[in-house]
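Here is a short briefing on charged side-chain pairs and on model confidence. Look at the structure first, then read on.

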Amino acid sequence: MPVPQWSNLNLFRLTALTALCFAVIPLTNAAAFHGSSHADQLLFSTPGASLIAGPASSFESTSSSPKTTFDTPKQLHLSAVKSDNFTVLSHPNFPNHSIRVKKSDFCDPTVNVYTGYLDVDSGAKHLFFYFFESRSNPEKDDVMMWINGGPGCSSSMGLLMELGPCNIDMTGTSSNGTLWNPYSWNEVANIFFLDQPVGVGFSYADYGETVETTEDAAKNVHAFITIFFEQFPQFAGRALHLSGESYGGRYLPVFASEIYDQNQMAAQEGRNTINLKSVIIGNGITDISTLYPGRYEVECGTASLDVPFQSISTCVRMKAALPRCQKAMQDACIDQFDAINCRAAVSFCDNELSTGMWATGRNVYDISKPCEGDLCYKENDVIKRYLDLPSTRSLLGVSDSGPSSFSACSDAVGQAFSSHMDKWAVHTQDYIANLLDRGVRVLIYAGTYDWQCNFVANKMWVEKLQWHGSALYAASEWRDWSPDNDLTSPKAGEVKETPLLSFVTIRGAGHMIRIPFFVQGLTMILT
């Protein structure tokens, strides 16, 4: 289905799947290695944006942390950003924000790689990021930001387990702990992986400051993207795609809306705007009203498996509790939010409709597997060991002022968001509807083996979403898709699409879309 004026990342043309996903780069070297080329000769010098100079004590360095430089030339080659020092970027519209960035040899030897921090609140909070240039055409390809969920989970999981340029080595055969991923999404895009809010992954606060709601987190994300785009004008006008999974279904609609609204203000004032093109959500939690009916169908129906895996007695109990759960949620969380009653409703629903799943010992993110390791994935244990290595921390430029030990997910951040009932208090799907009504495209994709943020619940809320194209979406037919657009090939899932809104299922995939499902995941990006 042709989509007029869609950018280089035609995320919605699933009718034109190509063999490119199988041959984007010769599979001559799948070994793990660190290193990067750095042939970029692009300049950055934007009117109204400048490098900031300040006292070195603002970012105290130690023997294992890169020093911070404060050069203030009018123009600077991107190649001048060094690996042993941070370069600091600022913007006059964000006087309390700055970005520290350094070159790194982390993960992908075929592109330029950068890591660093967004320093917020006059340097009191520090959000860590990874940035990988596109393997195809970094000077023209779109820009994508990826975040994981939680709330409180590090985007290093997406980087090292799913769509990033390298995967964590689970076999111990590599020389440095990672394996190069030929199906990374940076095959076609320049991509950020951002650890947010403060307290997630390598992000930290100097004095215990916190961010405890998605709406507050959105302000920092907008500042980060604006400063980066302004300071590196080779990205000016490039399409931006916000992507993520899980609690990203809550984050991303709000982040995109903040960018859109700030764009309107910037345009009125004659300032540059961000070319926001799409929001991409994988196995997300967006509309709470469908969560528990979806979980029931995954456990006790045939939506995911041909034969339900949950016991009959548990399914009978769940079915009896579901109407009461739905009514309590509707009354206290949806129609009129009441924190005390909504929390009681959620407690009842979890006790009656979630405990049975946890008792099975199955992976709540992939019902085809047992729950093993941190967050039910052994990979998270290996990722932690790898990112805690002094050599890895040095390679990334992790500050000694930050967390001494890496954690895939922060309990403190999760509890802080929960204290505000961030997941339940706001109708996040209304953000999606408003974005669609303003021409921002949305792709929802979901693996069918996920229970936590399952595809059934996502299909239900998308089907009932009220926006100007809802009738067109309702009239669209589901159809099968395969990676090479050859219907004689194994079916990968189903797709339902309109020019603005598309929904894709990936059969046999869980919450974390990963090998062998990287091929299908990359296909969604390439076509």
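A salt bridge here is a side-chain nitrogen of Lys or Arg within 4 Å of a carboxyl oxygen of Asp or Glu. The model is predicted. By that rule, it holds 17 salt bridges. Side chains of opposite charge can pair when their charged atoms come close.

**Strand to strand: Arg 100 and Asp 119**

- Arg 100 and Asp 119 form a salt bridge through their side chains, with an N to O distance of 2.8 Å.
- Arg 100 lies in strand β6 (residues 98-104), and Asp 119 lies in strand β7 (residues 113-120).
- The two residues are 19 residues apart, so the pair links distant parts of the chain by sequence.
- Is Arg 100 buried or exposed? Its relative accessibility is 4%, so Arg 100 counts as buried.
- Asp 119 also counts as buried, because its relative accessibility is 0%.
- The cut-off behind both calls is under 20% relative accessible area.

**Loop to loop: Arg 135 and Asp 108**

- A salt bridge joins Arg 135 to Asp 108, and their closest N and O atoms are 2.8 Å apart.
- Arg 135 sits in the loop between β8 (125-132) and β9 (143-147).
- Asp 108 sits in the loop between β6 and β7.
- This pair, too, links distant parts of the chain, with its members 27 residues apart.
- Arg 135 is buried because its relative accessibility is 15%.
- Asp 108 is buried, with a relative accessible area of 0%.

- Arg 271 and Glu 269 form a salt bridge whose closest N and O atoms are 2.8 Å apart.
- Arg 271 has 29% relative accessibility and therefore counts as partly exposed.
- Glu 269 has 53% relative accessibility, so Glu 269 counts as exposed.

- Which residues do salt bridges with shared partners join into one network? They are Asp 480, Lys 491, Glu 494 and Arg 507.

**Confidence**

- The protein chain has an average pLDDT of 84, and 82% of the residues score at least 70.
- Residues 1-63 have pLDDT below 50, yet in the model this stretch has 205 contacts beyond near neighbours in sequence.
- Residues 70-75 stay under 50 in pLDDT, with 17 contacts beyond four places in sequence.
- Where pLDDT is low, the predicted coordinates should not be read in detail.

Methods
Residues are numbered from 1 along each chain as its sequence is written. This is a predicted model: local features need pLDDT of at least 70, side-chain atom pairs count only at pLDDT 80 or more; totals for chains, interfaces and linings use all residues. Side-chain values use heavy atoms; hydrogens and water are left out. Helices (H or I, at least four residues) and strands (E, at least two) are DSSP runs, numbered from the N terminus. Buried means under 20% relative accessible area, exposed over 50%, partly exposed in between (1.4 Å probe, protein chains only). pLDDT is the predictor's confidence in each residue, from 0 to 100. Contact means heavy atoms within 4.5 Å.
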